[in-house]
Amino acid sequence: MYAFEGPVSSPPEPLPPDLVARPLAELPDDARMAMLGAIDAAVLGTRRDTDHAWLGQRGPGWMLSRGPTPIGYAYGGQRQGPVATLDPADMPAAIGVVEREAATRPDEQLSLTVPLANHMATQYLLRRRYRIDPFTMHLLEDH
């Protein structure tokens, strides 16, 4: 895992014109849980309904859709994440939604933990100049 953090220093990239980020709070409960569950089942192989109920109380969240099709979700707030997309190529757009929300808060900090295997998220966050937590870097040393 990489722990990325830092101030939101430049404007987040805009959403691609074919994507919409809709606040999860605007979706009916049954539809929201069905969409989140379907994404988690595809990405993780299991649903996380209890986790999503808790995450929804903790901070804002968004459902990303391409047309009528849900393609991912993202949670913001003081502790950002999780962020999930069906297609890795959509990960930068989903992280951008979280960045935009972070830029509206007084502390303007982004903090995301990313699995090493998530190359799209890692490349995006490095390109945006977020730093890797030094403790995590220490664990990655080869001596």
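Asp 18, Arg 66 and Asp 90 are linked in a network of salt bridges, a salt bridge being a side-chain nitrogen of Lys or Arg within 4 Å of a carboxyl oxygen of Asp or Glu. The model is predicted, with local features requiring pLDDT of at least 70 and side-chain atom pairs counting only at pLDDT 80 or more, whereas totals for chains, interfaces and linings use all residues. Residues are numbered from 1 along each chain as its sequence is written, and side-chain values use heavy atoms, with hydrogens and water left out.

Nine salt bridges are found in a search of the whole structure. In one of these, the side chains of Asp 90 and Arg 66 meet at 2.8 Å, N to O; Asp 90 lies in the loop between β5 and α3 and Arg 66 in strand β3, so the pair ties together parts that are 24 residues apart in sequence (helices, H or I, of at least four residues and strands, E, of at least two are DSSP runs, numbered from the N terminus). Asp 90 counts as buried at 8% relative accessibility, and Arg 66 as partly exposed at 30%, where buried means under 20% relative accessible area, exposed over 50% and partly exposed in between, with a 1.4 Å probe and protein chains only.
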